[in-house]
Amino acid sequence: MIELGLSRISRLVQQTPLTWKAIHIAGTNGKGSISAYLSHLLTSGGVRCGRFTSPHLIDRWDCITIDERVVQESLFRQIEEKVKLRDQTLGIGASEFELLTATAFEIFNHEQVEVGVVEVGMGGRLDATNILDNVLVSVIAKIGLDHQAFLGNTIEEIAREKAGILKPGVTCVVDGTNCPEAIGAIRERIGELELEAAIVDPQAADEQSPPLAHLFRRLDLQTHQRANMSCAAAALRAALPRIKPGLEADTLIPNLASVHWPGRLQEISLNPLVTRKEPVLLDGAHNSQSAEVLGEYVDRKLRSLSKNVTWVIAASHGKDMRPLFHSIIKPGDDVATTSFGSVDGMPWVKAADTEDLASCVRAIQGVEDVRTFRSDIIGALEWACKKADGKPLVIAGSLYLVSDVLRLLRAASQS
């Protein structure tokens, strides 16, 4: 169950003051990538850095890293048990995410990190991570319609909730590719707090950072990747003087070229899970905005090789599936619908019914074969591989499906 609010997390962490400074990142899309970029940049600059993102990808503890390495399971479980015991002793009744947040923060204390890069779980104003009080810079990534039941039904309402992480005296960085409605709502909050702010435009990289502009020219990047890198570079520039005076951000920015963020436009091999030699695209697009990004990539990179694409898709229960899948699946495509399993530490997350998914896809005029596989992910992959016959294959619709596929691959490679 999702329970927004700061009262429980306040009681949970009040006995252990945080010993590190934070970079706090909110947004609908891109906040995980910005977190990864910043963690990589800080670590490459010799700053001991912790990162906390959500949800986890394969194991529950892989959402926490220290200097780019996933925290040891034994340490995670040891500190998690300590946090859970405190929750029970004090009768707090903290949610799963609040327990996880407190665990991450205490691991950062234990590991003596200098900076914690922290991604908001949902929203911002009432998210458990907003208990942070020693923030170097706040970042607001791309905002779209998502979690409306909790955050509001308009972009402006959602942007105000995201802008709830902004704090007096703390510099903020905002993705300038946001729509005018989002920018307007965020600017209003910036004005109320009289903050120093950078509204970042990736097209102005030449003026903001020559090394970043050089990177953009060298790499084949999509617009959202440029925007996320620009936000990370601006946040680094704002934070470094208070972490490592004398270290210039521009000397670290070339390291962005070596960052890989799993589950986002990731090419993988399905061997030895199923028989297919060609790579498969794995992407956790799970809302209309991220689906649009995925669709642009597929159209530009994959449909140039073959007009038709084969898909393996799943979605979370309650998602508006039409804008998610109708923007990426085209006439002539083949589709397998499946469902992910239970999500460790997130019992409220359920998969959408595969028949409902199939009905949604069949409404796309000209779509070819659509098959339903319920919870049989391997069966869906095997069918899709045969159907694709070496042509483009994409797995998408949910980060939880991405997680299940990666877990299945790990198990197959270990057997």
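Predicted model: local features only at pLDDT ≥ 70, side-chain atom pairs only at ≥ 80, totals over all residues.
Tutor: Beyond its neighbours within four places in sequence, valine 71 touches Trp61, Ile64, Thr65, Phe76 and Ile107.

Student: Where is valine 71 placed?

Tutor: Valine 71 sits in the loop between E4 and helix H3 (73-90).

Student: Is valine 71 buried or exposed?

Tutor: Look at relative accessibility; under 20% means buried. Valine 71 has 5%, so it counts as buried.

Student: Now the sheet. How do I read strand pairing?

Tutor: Strands of a sheet pair through backbone hydrogen bonds, either parallel or antiparallel. Here 8 strands form an open sheet with mixed pairing. The order is E4-E3-E2-E5-E1-E6-E7-E8.

Student: Which are the edge strands?

Tutor: Strand E4 (69-70) and E8, since each pairs on one side only.

Student: In which sense do E1 and E6 pair, parallel or antiparallel?

Tutor: Strand E1 (residues 21-26) pairs with E6 in the parallel sense, over 5 bridges.

Student: What span does H7 have?

Tutor: Its 14 residues reach 20 Å from first C-alpha to last. That is close to the 20 Å expected at 1.5 Å a residue.

Student: How do I find the face of a helix that is buried?

Tutor: An α-helix has 3.6 residues a turn, so residues three or four places apart point the same way. In H7, the buried residues are Ala182, Ile183, Ala185, Ile186, Ile190 and Leu193. Seen down the axis of H7, they fall within an arc of 165 degrees, so they line one face.

Student: What do the buried residues of H7 pack against?

Tutor: Strand E6 (135-140), helix H6 (155-162), E7 and E8. The face turned away from the buried side of H7 carries exposed Pro180 and Glu192.

Student: Which residue just after H7 has a positive phi?

Tutor: Glutamate 194, at about 55 degrees.

Student: Which strands does H10 lie across?

Tutor: Helix H10 (residues 223-239) lies across E1, E6, E7 and E8. H10 runs at about 170 degrees to E7.

Definitions and conventions. Residues numbered from 1 in each chain as written. Heavy atoms only, no water. Helix = DSSP H or I, 4+ residues; strand = E, 2+ residues; numbered from the N terminus. Expected span 1.5 Å × (residues − 1). Buried < 20%, exposed > 50% of the residue type's maximum accessible area, 1.4 Å probe, protein only. Arc of directions from axis to C-beta. Contact = heavy atoms within 4.5 Å. Pairing = 2+ DSSP bridges. Axes fitted to C-alpha atoms, helices over the stretch in contact; angles between N-to-C directions.
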